[in-house]
Amino acid sequence: MRMYDIIIKKRNGEELSKEEIQFFIEGYTKGTIPDYQASALLMAIYFKGMNKRETADLTMAMVNSGSVIDLSAIEGIKVDKHSTGGVGDKTTLMLAPMVAAAGVPVAKMSGRGLGHTGGTLDKLESIQGLRVDLPLIEFTQNVNDIKIAVCGQTGDLAPADKKLYALRDVTATVDNLSLIASSIMSKKLAAGSDAIVLDVKTGSGAFMKTLDDSFMLAKEMVDIGTSLNKNVIALITEMNEPLGLAVGNALEVKEAIETLKGNGPEDFMHLCIELGAAMLILGGRTSDIEEARQILQHTIESGAALQKLKDMVKAQHGNVAQIDNPELLPKASKVLDIISEDTGYVQGIDAEGIGRAALAIGAGRETKESPIDYAVGIVLDKKVGDYVKKGEVLAKVHINDLSKLDECRQKLLGAYKLSEGKPEKRPLIFGVVDKNGIKRY
Ligand code: URA
């Protein structure tokens with residue numbers, strides 16, 4: 001078999017066989033297929049697509065590229081959660097401690113930033129000393145001891161996805177339904193949890209921009225999980241503006257800490273309660289959604305969720321003093337106002353534009369090897385539905401390298417859409433997909 005022939009076949013819109021998909025994944029993982037041929041195939045898949053069978057074969061080939069983690073040493077039903085990626089999406093930092101504080105074990109494998117979206121691992125690493133590369137034995141021990149651990153994909157867990165993920169990030173081949181579904185599900189299946197809650201983002205800041213595409217992606221992932229006897233539920237959630245106010249690694253950690261104290265933005269809190277309730281139900285904590293919401297609310301009011309975050313940071317060798325006092329987290333040298341040039345209601349905030357504005361000042365990666373500046377980012381003053389006058393502050397930029405300010409300002413101003421009428425509020429959750437099918441709200 002030759003990689004060249006596989007590229008031509010997909011480039012011409014033909015269906016790839018299971019053997020051809022396996023050949024590609026095995027060769028790319030071992031390094032016998034170079035990045036340039038893998039990039040060409042990814043681009044061909046991006047334009048020509050894959051059918052359900054090809055996507056399922058790609059998923060399984062990626063699962064089998066490494067080892068499947070055995071979490072049976074952890075007591076209870078292990079529930080994982082994964083977001084398809086958004087801007088300001090710091091839900092894991094909040095959700096994992098809440099769910100663990102409610103008694104459901106969270107053994108979570110997270111990812112790094114991808115394209116214009118941020119990644120939980122990068123956010124966690126803005127906490128001094130915190131390790132996301134715990135050996136499996138320490139990872140499972142932590143979950144047994146304190147009910148929570150959030151780590152990176154170990155070298156051996158779906159290594160094909162690890163390599164492809166980084167390649168897609170820099171070859172503009174992220175936002176394809178089959179590539180996203182196989183990337184997420186291969187990791188989740190290899191990570192060994194019993195049940196999975198998927199947060200499928202929809203809108204300008206999501207990889208899937210339309211509701212129909214988002215429901216299709218959710219259905220594809222739920223079907224893959226269901227066919228392998230995993231209990232999977234997907235919520236389709238809003239990403240037509242950034243989640244919460246903060247975008248950027250340390251800034252998002254700070255916002256999560258404030259929210260764990262009960263002082264966070266309403267949309268962020270609401271989403272965490274809804275995703276968390278689904279996790280409690282799949283984890284067997286309760287079968288009543290209203291009770292699940294109350295249990296989670298109580299973990300905030302009692303301080304138990306914040307304590308869980310501290311327990312986790314300590315167990316992963318991070319500096320707990322930065323959680324007690326978030327002012328100790330990395331800070332940018334300058335905080336500058338971005339002023340509105342118009343008057344009107346904020347009609348929309350192109351979340352991808354905000355993500356790219358944050359990337360421009362160093363909050364994410366330009367190439368696979370780029371370093372991240374944990375301190376920088378954007379904090380929104382105005383969200384959708386707010387009234388803003390010319391000369392008022394739209395957002396604050398936390399920046400170290402002033403030569404990037406103009407690019408960031410242009411992207412940020414371009415992302416805000418103002419108009420005369422007050423916009424109608426969009427729901428935060430558009431529907432649910434589970435093994436019984438699609439339910440649109
Ligand atoms: N998250 C993933 O893990 N993979 C993708 O392809 C997109 C989001």
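User: Where is K147 found?
Analyst: K147 is in the loop between α7 (136-146) and β3 (148-152). Keep in mind that this is a predicted model.
User: What is the phi of K147 near?
Analyst: Phi of K147 is near 75°, which is a positive value in a residue other than glycine. Most residues other than glycine have a negative phi.
User: And which residue has a phi near 40°?
Analyst: That would be A158, again with a positive value in a residue other than glycine. A158 lies in the loop between β3 and α8 (159-170).
User: Is A158 buried or exposed, and why?
Analyst: A158 counts as buried because its relative accessibility is 0%, and the cut-off for buried is under 20%. K147 counts as partly exposed, because its relative accessibility is 27%.
User: OK, new topic. Which residues are around the ligand?
Analyst: H82, T84, L114, Y165, R168, I180, S183, I184 and K187 are around the ligand.
User: How far is a polar side-chain atom of K187 from an oxygen atom of the ligand?
Analyst: For K187 the distance is 2.6 Å. An N or O atom in the side chain of R168 is 2.8 Å from an oxygen atom of the ligand. For H82, an N or O atom of the side chain is 3.1 Å from a ligand oxygen.
User: Let's look at strands. What order does the open sheet of three strands have?
Analyst: The order is β10-β8-β12, and the pairing is antiparallel. The edge strands, β10 (387-388) and β12 (416-419), each pair on one side only.
User: How many bridges join β8 to β12?
Analyst: Four bridges join β12 to β8, which covers residues 344-349. V346 stands opposite L418 in β12. In general, strands of a sheet pair through backbone hydrogen bonds.
User: Which helix lies across β8 and β12?
Analyst: Helix α17 (residues 405-415) does, and α17 runs at about 40° to β12.
User: Which residues of α17 are buried?
Analyst: L405, C408, L412, L413 and A415 are buried in α17. They cover an arc of only 155° around the axis, so they sit on the same side of α17. D406 and Q410, on the other side of α17, are exposed.
User: Why do residues three or four places apart in an α-helix point the same way?
Analyst: Because an α-helix has 3.6 residues a turn.
User: What covers the buried residues of α17?
Analyst: The cover includes β7 (334-339), β8, α16 (351-360), β9 (377-380), β11 (393-399) and β12.
User: How many of the residues of β11 are buried?
Analyst: Six of the seven residues of β11 are buried, so that strand is mostly covered.
User: What does β11 pair with over six bridges?
Analyst: That's β7, and the pairing is antiparallel. I338 has A395 in β11 as its bridge partner. β9 is also joined to β11, by four bridges, and runs antiparallel to it. There, G377 has H398 in β11 as its bridge partner.
User: Last one: where is the place of N325?
Analyst: N325 is in the loop between α15 (321-324) and β7. N325 counts as partly exposed because its relative accessibility is 34%. From C-alpha to C-alpha, N325 and E291 are 32 Å apart in space, and they are 34 residues apart in sequence.

Conventions
Residues are numbered from 1 along each chain as its sequence is written. This is a predicted model: local features need pLDDT of at least 70, side-chain atom pairs count only at pLDDT 80 or more; totals for chains, interfaces and linings use all residues. Side-chain values use heavy atoms; hydrogens and water are left out. Two strands pair if DSSP finds at least two bridges between them. Helices (H or I, at least four residues) and strands (E, at least two) are DSSP runs, numbered from the N terminus. Contact means heavy atoms within 4.5 Å. Axes are lines fitted to C-alpha atoms, for helices over the stretch in contact, and angles run from 0 to 180 degrees between N-to-C directions. Buried means under 20% relative accessible area, exposed over 50%, partly exposed in between (1.4 Å probe, protein chains only). The arc is that of the directions from the helix axis to the C-beta atoms. A residue is near a molecule or strand if one of its heavy atoms lies within 4 Å of it. A polar contact is a pair of N or O atoms within 3.5 Å; within protein, one must be able to donate a hydrogen and the other to accept it, and residues adjacent in sequence count only if both atoms are side-chain atoms.
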